[in-house]
Amino acid sequence: MPEVTFLGHSCVTIKDGDHSVIIDPFLSVNPQATADVANIDATHILVTHGHGDHIGDAIFLSKQNKAPIIGTFELTHLCASEGCEIHPMHVGGAFNFPFGRVKLTIAHHGGGYGEDASRYTGPPVGFLITIGGKTIYHPGDTGLFYDMKLIGEMNNIDLAFLPIGDNFTMGIDDAVKAAEFLQAKKVVPFHYDTWEIIECDPNKFAEKVTGSDVVMLDPGKSLTL
Ligand code: NI
Ligand code: MN
């Protein structure tokens, strides 16, 4: 049974047996982070896109743990140029890793690495992760898109994270529609309250979602699927 821990903003770890996957490891300068990047033990690092609040400490962690970075061809090759092990993929493609299966989904957002996001890291993506018999959807940063309905139809999603903070991603009303499309058993709101520009009341999201259990995970908290 995979254990899913929310580390703040969009950073999530999934542990199953000897495997420990971290997604969007934004920790050292994340105001919400409760974990110290030096204590993170990861076997695989998944990165949705090149923005600093997602690629975060991925390069440091990859070297510290000798763990490959999994993401788009463009993003992973940028990491390889910094000395990281990588596993390049692209939108629509899936691969069976030792911990489980990862499929890259579309996301409507930007890419780019560095202070001004000027280093090309390819399009942003989301991840469908099947691990320990459970399917978890981490959409990265995205606006609402109608193909979420298809993702919901084709996958039996046990847990979906959804950005709700608005401005850079979906806001609450669009995230409620996303939850309806995805038909996940559980949904967890994230990517809000990290900074003033994405502050919102997650209870308003929870009140409007029907058809999925909304689980509020404070940074540092876990749930077992
Ligand atoms: Ni972003
Ligand atoms: Mn972001």
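Helices here are DSSP runs of at least four residues and strands are runs of at least two, both numbered from the N terminus. Counted that way, the protein chain has 6 helices and 14 strands. Keep in mind as you look around that this is a predicted model.

Let's start with the overall build. The chain has 225 residues, and a compact globule of that length would have a radius of gyration near 17 Å; the value here is 16 Å, so the two agree. Laid along the principal axes, the C-alpha atoms fill a box of roughly 45 × 35 × 30 Å. Some 53% of the 225 residues count as buried. Take the contacts between residues at least 6 apart in sequence, and 58% of them join residues at least 24 apart.

Now go inside. The largest nonpolar core holds 26 residues, and the ones touching the most other members are Ile14, Leu46, Phe99, Val102, Ile129 and Phe161. Which elements give two or more residues to this core? They are β1 (3–8), β2 (11–16), β3, β8, β9, β11 (159–163) and β12 (186–190). The largest share, 4 residues, comes from β9. Click on phenylalanine 161 and, leaving aside residues up to four places away in sequence, you'll find it touching Val4, Phe6, Val12, Ile136, Tyr137, Pro139, Val188 and Phe190. There is also a second, separate core of 22 residues, which includes Leu128, Ile157, Ala184 and Tyr192.

Next, the metals. What holds the nickel ion (ligand 1)? Its protein donors are His49 (NE2), His51 (ND1), His109 (NE2) and Asp141 (OD), at 2.1 to 2.3 Å from the ion. Along the chain, these donors follow the spacing H-x1-H-x57-H-x31-D. The angles that the 4 donor atoms subtend run from 89 to 174 degrees, which is why the arrangement around the nickel ion counts as irregular. The manganese ion (ligand 2) sits 3.4 Å from the nickel ion, and aspartate 141 coordinates both. The pair links distant parts of the chain: histidine 51 is in the loop between β4 (44–46) and α1 (52–55), while histidine 109, 58 residues apart from it, is in the loop between β8 (100–106) and β9 (125–131). Is histidine 109 buried or partly exposed? It counts as partly exposed, because its relative accessibility is 25%, and the buried label needs a value under 20%.

Most residues other than glycine have a negative phi. You'll find aspartate 24 in the loop between β3 (19–23) and β4, and at 0% relative accessibility it counts as buried. Alanine 117 also has a positive phi, about 55 degrees. Alanine 117 is in the loop between β8 and β9, and with a relative accessible area of 29% it is partly exposed.

Finish at isoleucine 86, in strand β6 (residues 86–89). Isoleucine 86 is partly exposed, with a relative accessible area of 24%. Not counting residues up to four places away in sequence, isoleucine 86 touches Pro68, Ile69, Thr76, His77, Cys79 and Ala80. For a sense of scale, look from isoleucine 86 to tryptophan 195: they are 109 residues apart along the chain, and their C-alpha atoms are separated by 31 Å.

Terms used:
Residues are numbered from 1 along each chain as its sequence is written. Chains are lettered from A and ligands numbered from 1 in the order in which they are written. This is a predicted model: local features need pLDDT of at least 70, side-chain atom pairs count only at pLDDT 80 or more; totals for chains, interfaces and linings use all residues. Side-chain values use heavy atoms; hydrogens and water are left out. Donors are N, O and S atoms within 2.8 Å of the metal (3.2 Å for Na, K and Ca); water is not among the atoms, so sites may look incomplete. Four donors count as tetrahedral if all angles lie between 85 and 135 degrees; four count as square planar and six as octahedral if opposite donors are over 155 degrees apart and all others between 65 and 115; anything else is irregular. Buried means under 20% relative accessible area, exposed over 50%, partly exposed in between (1.4 Å probe, protein chains only). The radius of gyration is taken over C-alpha atoms; the globule rule is 2.2 Å times the number of residues to the power 0.38. Contact means heavy atoms within 4.5 Å. A nonpolar core is a set of buried Ala, Val, Leu, Ile, Met, Phe, Trp, Tyr and Cys residues joined through side-chain atoms within 4.5 Å.
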